[in-house]
Amino acid sequence: MTSGSTAGLVRVCPLADIPAGEGFRFDEVVPPIAVFHTDDGEVFAIDDTCTHQDASLADGWLAGCEVECPLHASKFDLRTGQVDAPPAKVGVRAHRATVTDGEIWVELSTDAPRLPPGA
Ligand code: FES
């Protein structure tokens, strides 16, 4: 497993470790990413830190392909990272997530992270 890198392909965990409808904060990369297993069985990965303030999106509420920030309820589209509801104005980075042999792999975006001030 690649650890502490900012680009590349990383193995996160077995899909079975993340119950459907929940998120998982993976902090072996910088910045950490949030990996979601939707109720439909899809897997998505985005940067874990909200772009509004320093909150973990893995702790947010998952509904369909959207996650709601646990702090001020901004919503982000898991497929693109774009903002669907304020107060955040800037989208998070989205990463490509795949499942191979029951393991979740994430190909990290090479875009610059969009972290909130002070994070
Ligand atoms: S910290 Fe996420 S909306 Fe404010």
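This is a predicted model: local features need pLDDT of at least 70, side-chain atom pairs count only at pLDDT 80 or more; totals for chains, interfaces and linings use all residues.
## Ground rules

Buried means under 20% relative accessible area, exposed means over 50%, and partly exposed is anything in between, using a 1.4 Å probe and protein chains only.

Residues are numbered from 1 along each chain as its sequence is written, and side-chain values use heavy atoms, with hydrogens and water left out.

## The overall build

Walk along the sequence and you get β-β-β-β-β-β-β-β-β-β. The radius of gyration is 13 Å, close to the 14 Å that the globule rule gives for 119 residues, so the protein is as compact as a globular protein of that length. That radius is taken over C-alpha atoms, and the rule is 2.2 Å times the number of residues to the power 0.38.

Along its principal axes, the C-alpha trace spans about 40 × 30 × 20 Å. Of the 119 residues, 42% count as buried. Take the contacts (heavy atoms within 4.5 Å) between residues at least 6 apart in sequence: 41% of them join residues at least 24 apart.

## Surface and charge

The accessible surface comes to about 6000 Å², and carbon and sulfur atoms own 48% of that. Areas come from the Shrake-Rupley method with a 1.4 Å probe; for residues, only the protein chains shown count as cover.

As for charge, the protein has 8 positive and 19 negative charges, and their mean positions sit 7 Å apart. Lys and Arg count as positive, Asp and Glu as negative, while His and the chain ends are not counted. Each charge is placed at NZ of Lys, CZ of Arg, CG of Asp or CD of Glu.

Strands E2 (residues 22-26) and E3 (residues 33-37) pair in the antiparallel sense over five bridges; strands count as paired if DSSP finds at least two bridges between them. Glutamate 22, for one, has histidine 37 in E3 as its bridge partner. The two strands form a hairpin, with six residues between them.

A cis peptide bond joins valine 30 and proline 31, with omega about -5 degrees. Valine 30 is also 83 residues from proline 113 in sequence, but the C-alpha to C-alpha distance is 9.5 Å.

Another cis peptide bond runs from proline 86 to proline 87, with omega near 15 degrees. Proline 87 is in the loop between strand E8 (83-85) and strand E9 (94-100).

Alanine 73 has phi near 70 degrees; you'll find alanine 73 in the loop between strand E6 (66-68) and strand E7 (75-77), partly exposed at 31% relative accessible area. Aspartate 101 has a positive phi of about 50 degrees and lies in the loop between E9 and strand E10 (103-108). Is aspartate 101 buried or exposed? Exposed, with a relative accessible area of 78%.

Technical notes. Helices (H or I, at least four residues) and strands (E, at least two) are DSSP runs, numbered from the N terminus.
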